[in-house]
Amino acid sequence: MSSKLLIPLHVSYIQKLGESKDDLAYHLTSHLRLNAIYWGLTALCVMGHQEALDREEMIEFVMSCWDDEAGGFGAHPEHDAHLLSTLSAIQILIMQDALDRVDVPRVVSFILSLQQPSGVFAGDSFGEFDTRFLYCAVSALSLLGRLDELDKEKTVGYIERCRNFDGGFGNVVGAESHSGQAFVCVAALAILDRLDVVDTDTLCWWLSERQLPNGGLNGRPEKLEDVCYSFWVLSALSILNKVEWIDANKLSSFILSAQDLETGGIADRPGDMVDVFHTIFGVAGLSILGYPGLVDLDPVYCMPAAVIEAKGLRKGWKALERRPADS
Amino acid sequence: MPSPTGDQISKSLFAERSEWSDVTPLQQYESLVNPLAPIFYTEEYKDATDYFRGIVKSGEKSQRVLELTEAIIRQNPAHYSAWQYRYETLLALDAPLDVELKLMDELAVKYLKTYQVWHHRRLLLAHTRKPAPELEFIARSLGVDAKNYHTWSYRQWLLAYFNDEDDLWRGELDFVDAMLTQDVRNNSAWHHRFFVVWGCGVREGEEDRGRILKRELTYVKQNISLAPNNPSAWNYLRGVLDHNQVLYSIVFPFVRLYTVPFNSERTDIVDLENPPPDKDANLPCPAAIEFLADVYEQDKNKESTLQAVELWMSLANEHDTIRKKYWEHRIREALEATKV
């Protein structure tokens, strides 16, 4: 059990991610590869160690994922373009100060082509639609400075229809409220300056109810806690200025107890296997909670706050004040 | 010709089969020495995906492509390009989609957690237009994983998409009831009930909204009495009252029963309107205290506000301390409102 965030260990865990030659599961996750790089890089940035991965290699890899036929980025070379990986590519290139490598008009065209008549976005031409992809589209267009090309009314209209009786949001119209969707819907609305669509009191109450006695957060009532909700729930609360409604000490302890003290990395809950997905979202949660020594994270874009501020995209979110290092 | 079973497929590589010798397999793009994206395969997976890239390049849409995509999907159900190409091939061949659905039934049991399994069914259903057997299949899947988000979302899609077939909805209430009998804490089932009863437009036979409201209030109260510390049921109660714009005071006598420790001197008069908790229940129930506070707050007078404040204080200090700051917010807000 550790009561501290073991930053050097997590940095080395992320650096070693590409070396798992015996990890059979690794090749099955090629459809997540670009996303995984974004998660790893963002975690390093928040821990103050962006330099731990080679910048040139990373940029080259991102560009090798370019799907010239579709005009977007796939998750891996030769994979079809997808909104999830396209957003990750843009985020990585911005953090690496290499956005000039992107063919912006083509990417904008790809993104806009995925909007459905109902207002939701498909992830790719396969047609899976989900409010997650709506968020990816809105975030990507915003980061590229092309948000004005989006039909905002139509987009906001869809999110509004996803709002449920408990104040939460589902992944499509009619679906159950889920913490992950709370983040994507609220963050998209923040970017579009339409937080008026949120029933703030009810949603934030629902989000505060995600906290279980062990301090961890779950995704919906009567389900298990999971470290990744430390980000999905906290970011939504932060955007709506209600982070105080979560017991910060208990949540911090929970996240820290899910660290692997030998290999580094953070798991979904204490004792389970770590992965880079839970590592970034655990670290992101701690940053929003004001954990000492971490870099400020923008909860709307899940990128370093300074980067977003420099682009003039900062919205009115509020995190807990960062505690001094020896607290 | 039926495709071979998964076991047979994995036994011989496509590279070793003469009937595939006319296809040029294409290797995965190998980026030079990039520690972030090493390429690791089992031999079978590499073989199948090499041949997949080969037929994608040539644009082939034939029966053997179905065999190939099935091989990939069985090894990696998240390979969405394989799913997409399979679907396009099925259409190009005008293949019997009922047969495809049966195959998918088998795969779904093994690979339930991936989204593509459900999306593929959605695409097929849009063509076959036979939703009733699908409801059966979804029910069986939920038997394995009762809270699977994609499964429930798929059921909701199916009902809404084939909405004009009234028969489809007929068994839904019974279905939800069966799921809740299995696990009264299944939030997905409670959400689905709200969707079916209130969310999807009024259907034939359900026009008397007053009767429906009464029925649903009775239902949720009974289920609360079975398991009081069940946030989904309390959320449902709140949702029903809000949706019908009914003041919470209508359930005041019921809620109050759950805000005090068990009263062993209570006589056993059966009050169907207000089913009480049984002696094994964990009382008082924080969700009930919270609800009672909302009842008082809705009265909007100084006295009832103070009663609400007292209840919120008991939550902040004793019954729900983890959300202390939230309850303190409610107290502040209510006191502010009385000053105005």
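Mentor: A helix here is a DSSP run of H or I with at least four residues, a strand is a run of E with at least two, and both are numbered from the N terminus. The model is predicted, so local features need pLDDT of at least 70 and side-chain atom pairs pLDDT 80 or more, while totals for chains, interfaces and linings use all residues. Residues are numbered from 1 along each chain as its sequence is written, chains are lettered from A and ligands numbered from 1 in the order written, and side-chain values use heavy atoms, with hydrogens and water left out.

Trainee: Which helix holds B:R74 and B:E70, and how many residues apart are they?

Mentor: Both lie in α3 of chain B, residues 63-75, four residues apart, about one turn of the helix.

Trainee: What makes the pairing of B:R74 and B:E70 a salt bridge?

Mentor: The term asks for a side-chain nitrogen of Lys or Arg within 4 Å of a carboxyl oxygen of Asp or Glu. For B:R74 and B:E70 the N to O distance is 2.9 Å, so the pair qualifies.

Trainee: Are B:R74 and B:E70 buried or exposed?

Mentor: Buried means under 20% relative accessible area, exposed over 50%, and partly exposed in between (1.4 Å probe, protein chains only). B:R74 has 13% and therefore counts as buried. B:E70, at 2%, is buried as well.

Trainee: What does the salt bridge of B:E273 and B:K221 tie together?

Mentor: Their closest N and O atoms are 4.0 Å apart. B:E273 lies in the loop between α14 (252-256) and α15 (286-299) of chain B, and B:K221 in helix α12, so the pair ties together parts 52 residues apart in sequence. B:E273 is partly exposed at 41%, whereas B:K221 is buried at 7%.

Trainee: Which residues do salt bridges with shared partners join into one network?

Mentor: B:R238, B:E290, B:D294, B:E297 and B:R330. Over all chains, the structure holds 45 salt bridges.

Trainee: How many salt bridges cross the interface of chain A and chain B?

Mentor: The rule finds one. Its partners are A:E209 and B:R323, at 3.6 Å from N to O.

Trainee: What area do chain A and chain B bury between them?

Mentor: Buried area is the accessible area (1.4 Å probe) that two parts lose on being put together, summed over both. Here the figure is about 4900 Å², 58% of it on carbon and sulfur atoms. On the side of chain A, A:F126, A:F165 and A:E222 lose the most area, together 17% of what that side buries.

Trainee: What makes helix α11 of chain B mostly covered?

Mentor: Of its 13 residues, 12 are buried, among them B:W190, B:H191 and B:F194. Elements of chain B that cover the buried residues include α8 (149-161) and α12 (209-226).

Trainee: Why does B:H120 count as buried?

Mentor: Because its relative accessible area is 0%. B:H120 sits in helix α6 of chain B, residues 115-128. Contact means heavy atoms within 4.5 Å, and, not counting residues up to four places away in sequence, B:H120 touches B:W83, B:R86, B:Y87, B:L90, B:E100 and B:M104.
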